[in-house]
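Hi everyone, thanks for making the time.

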Amino acid sequence: MNPNEVLAWREALVRLTDQYFFDLIRMYLGAVKTPFNKQRIVEDLSAFLRKRDNRAAILHSLDQFDRMILSAVAELPSPTQQKIVSLFSGTKSFPEIYDRILNLEERLVVFRKNDTESREYALNPLLKDELLPLLGFSVLAAPDSRGEPVSGAVPIDDLALASLYSFFLHAGESVKNDGSLKKKTREALEAAFPHLAELPSCSQFLLSAFQNLGLLVVFEGNLMPEPARWQAFARIAPFERTAWLVAAAAGRLPRDALQGRAQVFLDFFAALEPGARYRRETVSRLAFLLAERAGRSSGLRQYGRFASILRERASEARLGAEVSRDADDSSGSASGSSESRAQGTAVAASGIADVAIAFGLLVETDGLWAKNSLAARAGVTGSTPSIVVSPSFGVTLMPGYTLAELLPLATCMEARDVQIVARFEITRRSCASAFEQGQSADAIVALLKSRSAQALPQHVLVSSDDWYRSYS
């Protein structure tokens, strides 16, 4: 028992209005005799709570929702009334939560640490040692059932990412003045990526993440990939790339806040038990709780090369006005990095769960949601990757290559049909894009030969050489 916490509890009782204070005291000690002294009455109430039978009766009266509210008070940093209501949004209404908190106050289980509108709560220190074993993280995010691990298709593996890089590199004019995709671009995207067409929320989140990370930038009506950032993105671990995409999908944030949200996703995914089935509101609650806790952390993990590239390149004018404004926002908050982390990780925290579901990282089974056991190893096939180039310039690309290995290939060919196996086409336009990035016909041929399991068709060799001479 912490003496300072006991003192804070006593002072909080004394600060109560006389009406509420004496109503509370009469419930436990009976009629108050005059003359009275509030401090002495609070000491008598403390003595009441020190009796084992009285504490046992209070603890025995707690139901499951009581334990969830109390777990929120124990686990949330600065557990205000607003945070507790937000944590249980979607499962309980505001009146239900408000009434239950008041009821727990009357039962002396929690108390208000301050008299401000925020109403920050704390556990009664005289009951805390016996309460804590009944509470905790597992109470707030308990699975509905458990079973065998669940697996499902992951639509954003390395092959899909590289194919999207290729699509927008060669798409030409693709966006309207308001930044939305043109109809012809949207139709071409749906035709080339049928699995994304079936998951509209996935493609929307993914394109938003690309733009918020500066992987795609708008330039003269074109939504263009920024090669240097893609190369940096390809150098980090695959599942950390997924974390960056989840973090950036919900909106544009300063760098520190973005890193904080990426860490929240990694913590969120690690906290889900393999094979456990959760209700939708439970995974949202888990994400919210982790985001609140991370917002108060001063030592969020850094993310190596890509984070460094973000710092080094964010001020470069050629990335466009959108990226430059992002850099200005983040550099201006350098002195308050911990504050930006707290704000960024807490904003739309439950959205992390929504994006994870859209990206196929959680799989629905019998109305519940489970961790996708294949998510952390997306793209790992165990087979030897290769490409097959046909005389008609078609290229079939088998899964297994890393994103870093795929980007050079994606530069010189256009995505046509991307599913488990991807079909591309080498065109004059795609080769021109490769030439603009410094590749030569010999370099393209050498790359295709190194990846192909068989000899390249002579027609492809001759055409690529002709196209390069015309470009030169």
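Predicted model: local features only at pLDDT ≥ 70, side-chain atom pairs only at ≥ 80, totals over all residues.

Now, the rings. How many aromatic pairs does the structure hold? The count comes to 15. One of them joins Phe435 and Tyr468: the ring centres are 4.9 Å apart and the planes stand at 70°, and since over 60 degrees counts as edge-to-face, that is what we call this pair. Where do the two partners sit? Phe435 belongs to helix H23, residues 428-436, and Tyr468 to helix H25, residues 458-471, so the pair ties together parts that lie 33 residues apart in sequence.

Are these two residues buried or exposed? Phe435 has 5% relative accessibility and therefore counts as buried, while Tyr468, at 29%, counts as partly exposed.

Tyr471, where I began, also pairs with Phe435. Here the geometry is tilted, with 5.4 Å from centre to centre and 45° between the planes. This pair, too, links distant parts of the chain, with Phe435 in helix H23 and Tyr471 in helix H25, 36 residues apart.

Elsewhere, Tyr165, Phe210, Trp230 and Phe233 come together as one aromatic cluster.

Lys38 places its charged end over the ring of Phe21, 4.8 Å from the ring's centre. Lys92 lies over the face of Phe65, and there the distance to the ring centre is 4.8 Å.

Lys38 and Phe21 bring us to helix packing, as both turn up in the contact between H2 and H3. Helix H2 covers residues 18-29, and its axis comes within 11 Å of that of H3, crossing at roughly 35°. Which hand does this crossing have? The crossing of H2 and H3 is left-handed. On the H2 side the contact is made by Asp18, Phe21, Phe22, Ile25, Tyr28 and Leu29. H3 answers with Lys38, Ile41, Val42, Asp44, Leu45 and Phe48.

While we are in H3, which spans residues 38-50, have a look at Ser46. Ser46 has 0% relative accessibility, so this serine counts as buried. What does Ser46 touch, once we leave aside neighbours within four places in sequence? The contacts are Trp9, Arg10 and Leu126.

For another helix pair, turn to H16, residues 255-271, and H21, residues 351-358. Their axes are 11 Å apart, and the packing angle is about 65°. Angles of 65 to 115 degrees count as roughly perpendicular, so that is the label for H16 and H21. H16 passes H21 in a right-handed crossing. From H16, the residues involved are Arg261, Val264, Phe265 and Phe268, and they meet Ile352, Ala353 and Ala356 of H21.

Last stop: a loop. Asp366 lies between strand S7, 362-365, and strand S8, 368-371. Is Asp366 buried or exposed? With 78% relative accessibility, Asp366 counts as exposed. The C-alpha atoms of Asp366 and Arg277 are separated by 9.1 Å, although the two residues are 89 apart along the chain.

That's my tour, and I'm happy to take your questions.

Note on methods:
Residues numbered from 1 in each chain as written. Heavy atoms only, no water. Phe/Tyr/Trp six-rings, centres within 6.5 Å; stacked < 30°, edge-to-face > 60°. Helix = DSSP H or I, 4+ residues; strand = E, 2+ residues; numbered from the N terminus. Buried < 20%, exposed > 50% of the residue type's maximum accessible area, 1.4 Å probe, protein only. Lys NZ or Arg CZ within 6 Å of the ring centre and 35° of its normal. Axes fitted to C-alpha atoms, helices over the stretch in contact; angles between N-to-C directions. Parallel < 35°, antiparallel > 145°, perpendicular 65-115°, else oblique. Left-handed = near helix turned anticlockwise from the far one by under 90°. Contact = heavy atoms within 4.5 Å.
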